[in-house]
Amino acid sequence: MGVGCNPWHNQPDPLPFHPTKKTLRKGGTEGERLSIPADTGCPHTPLSLTSERVHSMRISGASRHLLGTYKSHSTSIPIVKAADKRVTLVRHGQSTWNEQGRIQGSSNLSVLTSKGEGQAEITRKILQGKYFDTGFRSPLARASRTADVVWSSRPPELIDLWELREIDLFSFEGLLKHEGEEKYGDVYTTWKTNPANFEIDGKFPVRELWERGTKCWETILKAEGTDILVVAHNAVNQAVVAHALGLGPACFRRLAQSNCGLTTFTCIPSHGAEPAGFVLEQLNQTPAPPLHGNTVLVCAFDGSDEEIAPAIATAFGAESVDCVLCDNAASSSSLARDVATLLRWETPTRSSGSLIDFLKSPGTTVMFAESYTIDFVVGSVLQLDEGLGSRLRLTPGGFTIIDFDGDVDDYSATIACLNYTAHLSELE
């Protein structure tokens, strides 16, 4: 399954899901319901869970083992002292070294391709009606040029921030990926499979990048105004996102950043007894969501707008879907039936097993679920003991897409995008 195919784009589960006898078939009206047994060892069964209480749902420590010797899956969340801020992150458009498959790191020898220029122009159009008080960019050419296109004629001038440069990869930089593998062997394997413990030239690049992520936020949060644009790179954007969510270097590669993908945070300062924090509104929003071959979680809410089902059906279009599921919420079952009727979907009967095993099924899997289930899956991918809870905003009808190209407990399970809502824009 490939997030990378879009140009923009075996551990036990503590919550086993079991399908009921009703299945969703082409032209049928019954949705495949998945129920969660009450004897899972969790403090609450899903029937009693609400989105506010989901963060109390714990995952067994045995099923969330820590990779390698670097054991931190969390980090401190930046302190928000100023007025509310909204921060939009953009990764640069496709570069010449992206196209060639070269390892870029913080080198400055690649520029945007014509495709990259086009991606930047599309992003400019997406954001053209939005006002920004301040814009930061990496000084590296590929990001600097993307920022120039996206920022266009806005005042004031963009601010170059050296901390926003891409991850420093030292001797890897400039090598084709297969050359890195051939020349560095186990070191390259560690970079791909256990990056938090990756060491090269006496440095730990991912750990150092996370330290730099703190400095990025310190500067961003001091900026004038409330709406901030940041244009940078894949790895450094991951570090910035992870810091806002309190995630450590062990979550590297789990938060996709496609060329010119948009990620948006709302930064909320403390009010009285309420702590400060960040809310992730969207992750890696691109013009076309990477549906094919991935797991698509569609957010359902009680009282969802009746126009949401047609918008979802339009977004899927002729996409071939191999498996359609829903959690045990009535709103999920209702939305699944409505969309299935419009698209005449058919699914085979599924055997019982864990939720994650269902979602990792080959092909394109769609699951209609309320926020607590989506939050649980996101937390599982990020190897957290709990979901993101109030740090995550989910929109009725929005898509959260997971690339399960491998096991959850290796680095090939990736959140390809979170709360994708472009298909709902006409409903606003």
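How many residues of helix H11 (residues 371–381) are buried? The count is 11 of its 11, so the helix is mostly covered, where buried means under 20% relative accessible area with a 1.4 Å probe, protein chains only. Among them are Tyr372, Asp375 and Phe376. After H11 comes Gln383, with a positive phi near 55°. Helices here are DSSP runs of H or I with at least four residues, and strands are runs of E with at least two, numbered from the N terminus.

A word on the source. This is a predicted model, in which local features need pLDDT of at least 70, side-chain atom pairs count only at pLDDT 80 or more, and totals for chains, interfaces and linings use all residues. Residues are numbered from 1 along each chain as its sequence is written, and side-chain values use heavy atoms, with hydrogens and water left out.

Next, the aromatic rings. The structure holds 13 aromatic pairs, meaning rings of Phe, Tyr and Trp (its six-membered ring) with centres within 6.5 Å; planes under 30 degrees apart count as stacked, over 60 as edge-to-face and the rest as tilted. For Trp210 and Phe252, the centres are 6.2 Å apart and the planes are at 80°, so this pair is edge-to-face. Trp210 sits in helix H6 (residues 205–222) and Phe252 in the loop between helix H7 (234–245) and strand S7 (262–268), so the pair ties together parts 42 residues apart in sequence. Trp210 is buried at 5% relative accessibility, and Phe252 is buried at 2%. Both belong to one aromatic cluster, which also includes Phe172, Tyr184, Tyr188, Trp191 and Phe198.

Methods:
Buried < 20%, exposed > 50% of the residue type's maximum accessible area, 1.4 Å probe, protein only.
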